[in-house]
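Biologist: I am new to this one. Could you walk me through how to read it?
Modeller: Gladly. Let us take one feature at a time.

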Amino acid sequence: MKTPSNQDLINGIRSGDKRLLGKAITLVESKKAEHRNQADELLKEILTFTGKSIRVGITGVPGAGKSTFIENFGKLAVAQGKKVAVLAIDPSSTLNKGSILGDKTRMEELSKEKNAFIRPSPTSGFLGGIANATFESMLICEAAGYDYILIETVGVGQSEVLVSDITDVFLFLKIIGGGDELQGIKRGIMEMVDLIFINKVEEENRLKAKNTKVELMRALHFLPSKEKDWKVPVLLGSALNNAGLQEVYEKIQEFIDLKITHHSFEETRKKQAEKRFDYWVQEYILQKAKSDKLTESFYEEHKKNASELKSNPSTEAKIFVEKLIG
């Protein structure tokens, strides 16, 4: 099917046409050269309409209730007059590179809201691509006037770092388990979070939840603060029962207001854009190396040396880059 023109896509994005919004995101996710060129032009033309949303990264182990949290938090924000876009990063099928979790089926009620948009984003088996395709999808949603962009991670390792690098607020969903409550929580995640929500708290486990909160706050006390004057709040609640979500909503706004007061809001976004620039420099150099006849043979030669371990892969990469730049 033919891709709509950029003018049609821009008109659709600005008028809130979800079908064309989806097509624009499909365009920026594409790896085809002609699509990439069109996507670059599209992004250039919509940039003046971006930057006005609150970008929230949401992570947590499988079973923490991320989808339920996002659905009910999204509905709460919509009820307060906000437009909400959800970019849910799905693990991908290694065969067809498509999303396999199907978030629209997991957030059925939110997807019916006029002022909500849900988009599963396949990782295509390559975590490094998350931040860029999602970053650009986020810009498109901002141009469409969405106030909140909620980005759900798959909850595995590197994806948290990448999502933290493109959002304003990083929220960690925790559930109460057996044994040591801090066991299995990586220090790296604790250093990244701006807000912790202990989910699935009911009357029968409230005491245990409060003890978990104390342990988490004690652990946070020993970590460097990401933002001056901000102590990471640990909140209790149940997303399923809408308990504690209003408090999360208020704390997110409080954190954003503090960053704006400290002039760190825009500064952080500039640094995030610089990281995307660095990624694309590497990506385009690699593409150029593979497509240029002169360098392609060098590339294949050193790649073969690396794969056969004739020398260390990093050494082969260094020699190749020196030849390329030289």
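Biologist: In which helix is lysine 23 found?
Modeller: This is a predicted model, so keep that in mind. Lysine 23 sits in helix H2, residues 18-29.

Biologist: Is lysine 23 buried, partly exposed or exposed?
Modeller: Look at its relative accessible area. For lysine 23 that value is 24%. Buried means under 20% and exposed means over 50%, so lysine 23 is partly exposed. Also find threonine 3, 20 residues away along the chain from lysine 23. Their C-alpha atoms are separated by 7.6 Å.

Biologist: How many helices and strands does the protein have?
Modeller: There are 14 helices and 7 strands. The protein has 326 residues, and 48% of them are buried. Take the contacts between residues at least 6 apart in sequence: 76% of these join residues at least 24 apart.

Biologist: How do I read a pair of packed helices?
Modeller: Two packed helices are described by the angle between their axes and the distance between the axes.

Biologist: Which residues make the contact of H4 with H11?
Modeller: H4 brings Phe69, Asn72, Phe73, Leu76 and Ala77. H11 brings Leu245, Gln246, Val248, Tyr249 and Ile252. By class, that contact has 8 nonpolar, 2 polar and no charged residues.

Biologist: What about the nonpolar cores?
Modeller: In soluble globular proteins, nonpolar side chains tend to be buried together. Here the largest nonpolar core has 45 residues. Within that core, Leu42 and Ile140 touch the most other members. Leaving aside neighbours within four places in sequence, isoleucine 140 has contacts that include Ile13, Leu21, Val28, Leu42 and Ile46. Another core, of 35 residues, lies apart from the largest one. Phe69 and Leu76 are among its members.

Biologist: How should I read phi?
Modeller: Most residues other than glycine have a negative phi. Asparagine 242 has a positive phi of about 60°, although it is not a glycine. Asparagine 242 lies in the loop between strand E7 (234-236) and H11. Its relative accessible area is 47%, so asparagine 242 is partly exposed.

Biologist: Where is histidine 263?
Modeller: Histidine 263 is in the loop between H11 and helix H12 (265-291). Histidine 263 also has a positive phi of about 60° and is not a glycine. At 66% relative accessibility, histidine 263 counts as exposed.

Note on methods:
Residues are numbered from 1 along each chain as its sequence is written. This is a predicted model: local features need pLDDT of at least 70, side-chain atom pairs count only at pLDDT 80 or more; totals for chains, interfaces and linings use all residues. Side-chain values use heavy atoms; hydrogens and water are left out. Contact means heavy atoms within 4.5 Å. Helices (H or I, at least four residues) and strands (E, at least two) are DSSP runs, numbered from the N terminus. Ala, Val, Leu, Ile, Met, Phe, Trp, Tyr, Cys and Pro count as nonpolar, Asp, Glu, Lys and Arg as charged, and the others, Gly among them, as polar. A nonpolar core is a set of buried Ala, Val, Leu, Ile, Met, Phe, Trp, Tyr and Cys residues joined through side-chain atoms within 4.5 Å. Buried means under 20% relative accessible area, exposed over 50%, partly exposed in between (1.4 Å probe, protein chains only).
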